[in-house]
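Open the model in your viewer and keep the selection tool ready. The tour goes stop by stop.

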Amino acid sequence: MPKINVLPREIAELIAAGEVVERPASVIKEMLENAIDAKADKITVEIQRGGITYMRVTDNGCGISHDDVPLAFLRHATSKIKDGVDLDCIATLGFRGEALAAVSSVARVEMLTKTADSEFGTHYIIEGGKQLLYDEAGCPDGTTVIVRDIFYNTPARMKFLKKDVSEANAVSSVVDRIALSHPEISFKFIRDGKQLLSTSGDGELKSVVYSVLGRDFSQSLISVSYEFEHISVEGLTCKPVACRPTRNNQFVFLNGRLVRSGTVTAAAEQAYKNSAMIGKFPGFVLNITVPFDAVDVNVHPAKTEVRFSDEHRIFSAVYGAVKNALNTGDSRPAVSISKHTFNPFERMTTEQFRQQNIDEAVTAAERIYKQLPEIKKESFINKAPQGEMRLNDFEKPVFYGKTADDGAHTQEEPKRAAATAEPQKEDTGLKNTVSEEIPVTLIGEAFGTYIIVQKENSIFLIDKHAAHERILFNKLKAEHTPQSQAMLTPVRVTLEKREYDAVINNTDMLLKAGFEVEDFGNGSVIVRAVPPTLTGENIQLLIEEIAGSISDTSSVNIAREDNLFHTVACKAAIKAGSDTGDLEMLNLAKRVLSSDDIMYCPHGRPVAFEIKRRELEKQFGRIQ
């Protein structure tokens, strides 16, 4: 049997630090929790290079006395727990007494702190667990902790850190969430010299949501206030029409602590059943208050997971709170008319507007007439419409300044072809000439969704959306030169920090699908081009959905790429209930029935069902 060794203190502290310090964001989380426990009402966080080289947290809390400063950097040193009884009713955030010890073992740490009743403050420096300076100093009341060069003495862990921008976004996300949990505290966040967040600390949750998550989301929220069997649920939840394609805007705080709870999430989402669209998820900020002895927060080193003594009671409280808010606070959505909408009748009478249309149409007709060959002018005049003419009888608008021949022009209209412009459309293969190699007969369509065709001795029912979605998905995966359509006006999209991080770190992947996206900074991106089939989509919602589909950093690249292609294919595919021409339906059916890789849509749903002639004849009693 191998000999058992007692590890040196330095090694043991490095191992323990791994439970608390994973990246700069985890350091900021621990420092913020200590500042909140110190009763601070103003907290400033500053980082450089994503926090890898520099982090500073400044608060105006109670500070630490001179004699206690060295003790604060020892493992399991805390002012918040005295005996075992306290573990059953933990009311503070940083109760473990491990944060400063863990951070100082893997970084260079400097502290300035002063209590209100002390004449001088304390200046303390510790690096790699070794004390370098312990002296008096002049400083304001409160505490400032500066952390430099994280993992400088553990290069093996340094290589697991991500790019500076990713680490910075992770820190920003931590600050955002803690700011949401404490609207009574004023938070400031400074990244590489730029202030990105400032909350007022006025105690109004909605104002913090506005600062953190933006105006659009904050305007969709309704208040939650509910009590059930000594459990209080307060906060905000969105209207059903504002549900999003991801769960990224769901925030749960338990007794002021950010937690993950499947029970709470399931209860809140259950309250939206039959109100929100399938596949959409509500956004909410819920502050749940329970008796301290009814919850165990000592489950996970990061203190993000909790265990309830009565899960059913928590579920009932959250479900009742959200359901009550929806029943009392929701209203019919209002139609918003843009104030920039052009109304021609503000500047001219109805008759003037009508005459202008006629004049423009006549001008267009005259221009075409002059360009026609002499032999055609007589027939053109004879066929000219009597009375009113419309501009779009002769010309169509140019899309983004480009023209595209729609292939429908004849020799009698040589110039009209050049004057006509259509939006560029991706070749989906559904309008090509139908191959006669596959003997398929189109019977019709049911419910605007299911194509019915006959092939030999079988009838097939084909879900046109699912089939087209799979075809587009396969095409995107195989395509080496993706098609893009430049936008007339680039669109700025503001995203939640995790979504933003996913987009800016996967721009090459997005380009493979036809999206040109650039980082605009501070949680925003600029969309300059999209696939031609998606030019009519709501770009904000589209990018949010795509960001959600690729934001799972635990997935390998190919899985994230598949999620992206799946989202694009679903948006671009023929919709159930839409009007589809016979030729398109027939060609789609032939594509499905001739390809073994078009059996299931990317969701996993079947594309087609087969009904054999023999089975039909059995049902009608023609055969036994």
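Start by selecting Ala-99, Leu-100, Ala-101, Ala-102, Val-103, Ser-104, Ser-105 and Val-106: these are the buried residues of H4. Buried means under 20% relative accessible area, exposed over 50%, and partly exposed in between, with a 1.4 Å probe and protein chains only. Helices are DSSP runs of H or I with at least four residues, numbered from the N terminus.

A word on the basis. This is a predicted model: local features need pLDDT of at least 70, side-chain atom pairs count only at pLDDT 80 or more, and totals for chains, interfaces and linings use all residues. Residues are numbered from 1 along each chain as its sequence is written, and side-chain values use heavy atoms, leaving out hydrogens and water.

Next, select H2 (residues 24-37) and H6 (residues 164-181). They pack at about 25°, with axes 8 Å apart. Therefore H2 is roughly parallel to H6 (angles under 35 degrees count as such). Axes are lines fitted to C-alpha atoms over the stretch in contact, and angles run from 0 to 180 degrees between N-to-C directions.

Now show the side chains. Pro-24, Ala-25, Ile-28, Lys-29, Leu-32 and Ile-36 in H2 meet Glu-167, Ala-170, Val-171, Val-174, Val-175 and Ile-178 in H6; contact means heavy atoms within 4.5 Å. The contact has 10 nonpolar, no polar and 2 charged residues.

Last, the cysteines. The count is 0 disulfides, a disulfide being a pair of cysteine sulfur atoms within 2.5 Å. Select Cys-570: the nearest cysteine sulfur, that of Cys-601, is 8.1 Å away. Cys-570 is partly exposed, at 24% relative accessibility.

Definitions and conventions:
Helix = DSSP H or I, 4+ residues; strand = E, 2+ residues; numbered from the N terminus. Parallel < 35°, antiparallel > 145°, perpendicular 65-115°, else oblique. Nonpolar A, V, L, I, M, F, W, Y, C, P; charged D, E, K, R; others polar.
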